[in-house]
Every structure is written in structure tokens, then in C-alpha cells.
Amino acid sequence: MTDLARTPEQVGNLIRRARKRQGLTQAVLGEKAGLRQETISLIETGNPATRLETLLVVLAALDLELRVTPRSSGGPALEDIF
């Protein structure tokens, strides 16, 4: 199943759901990612100032990946641009 997120709030919600599916607390996820529990909380509530590097560390700790795809079939894919 592929989840779609276009806002920081949606990204945070997806991370929260994945964390809960894995039975992790924010503190345990923070430990796995090398971050404070407070940072996990900020990400899950959609803090727009979250750095991409931090987000990628959290996704890795949850065994998730980030994919970039076009919004519609009419536009070029990222790999078509580069």
C-alpha cells in the first residue's frame, strides 16, 4: 500500500501511524533514530521546520522510504527531468 503526503501534517500523520503499527512509543523511536522524543513529537504534529535529514533518519528507523513521483500522469517524472 502506498500512502500519499503533500503537507508536513500529512507526513507527520503517516509517521505516527507507522510508529504505532510497529508498537513503538515516541521515546523508543527517538532512541532508534538517535533523536529526542520531543523531536519525534514535533515531526508527528507537522512541524514545517523539520530538516529533510532528520525526516530521513526517522523514516529509516521505521524501515520506510521516501519516494518522489509526479502528482498526475501528465507531468514528467523526476527521473525524466534529471
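1. Helices here are DSSP runs of at least four residues, numbered from the N terminus. The model is predicted. With that convention, helix H1 (8-21) and H4 each supply at least two residues of the lining of the largest pocket.

2. The pocket itself. The largest pocket has a volume of about 990 Å³. Its lining counts 30 residues. Closest to the pocket centre are Asp3, Ala5, Leu14, Leu66 and Arg67.

3. Who contributes to the lining? H1 gives the most, with 7 residues. H4 also takes part, with at least two residues. By class, the lining of the largest pocket splits into 16 nonpolar, 7 polar and 7 charged residues.

4. H2 against H4. Helix H2 covers residues 26-33, and helix H4 covers residues 52-61. Their axes come within 9 Å and cross at roughly 105 degrees. Angles of 65 to 115 degrees count as roughly perpendicular, so H2 is roughly perpendicular to H4.

5. Residues of the H2 and H4 contact. From H2 come Leu29, Lys32 and Ala33. They meet Val57, Val58 and Ala61 in H4. This contact divides into 5 nonpolar, no polar and 1 charged residue.

6. H3 against H4. Helix H3 spans residues 37-44. The axes of H3 and H4 come within 11 Å. They cross at roughly 100 degrees, and H3 and H4 are therefore roughly perpendicular to each other.

7. Residues of the H3 and H4 contact. Thr39, Ile40 and Ile43 are the H3 residues. On the H4 side they meet Thr54, Leu55 and Val58. The class count for this contact is 4 nonpolar, 2 polar and no charged residues.

8. Val58 deserves a separate look.

9. Ser41. Where does Ser41 sit? Its place is in helix H3. Is Ser41 buried, partly exposed or exposed? At 25% relative accessibility, Ser41 counts as partly exposed, because buried means under 20% and exposed means over 50%.

10. A link across the sequence. Ser41 and Ala27 are 14 residues apart in sequence. In space they are 9.2 Å apart, C-alpha to C-alpha. Ser41 belongs to H3.

Key
Residues numbered from 1 in each chain as written. Predicted model: local features only at pLDDT ≥ 70, side-chain atom pairs only at ≥ 80, totals over all residues. Heavy atoms only, no water. Axes fitted to C-alpha atoms, helices over the stretch in contact; angles between N-to-C directions. Parallel < 35°, antiparallel > 145°, perpendicular 65-115°, else oblique. Contact = heavy atoms within 4.5 Å. Nonpolar A, V, L, I, M, F, W, Y, C, P; charged D, E, K, R; others polar. 1 Å grid on protein atoms, 1.4 Å probe; cavity = no way out; pocket = protein on both sides within 12 Å on 5 of 7 lines; lining within 4 Å. Points joined across faces, edges and corners; volume = space filled by probe spheres on them. Buried < 20%, exposed > 50% of the residue type's maximum accessible area, 1.4 Å probe, protein only.
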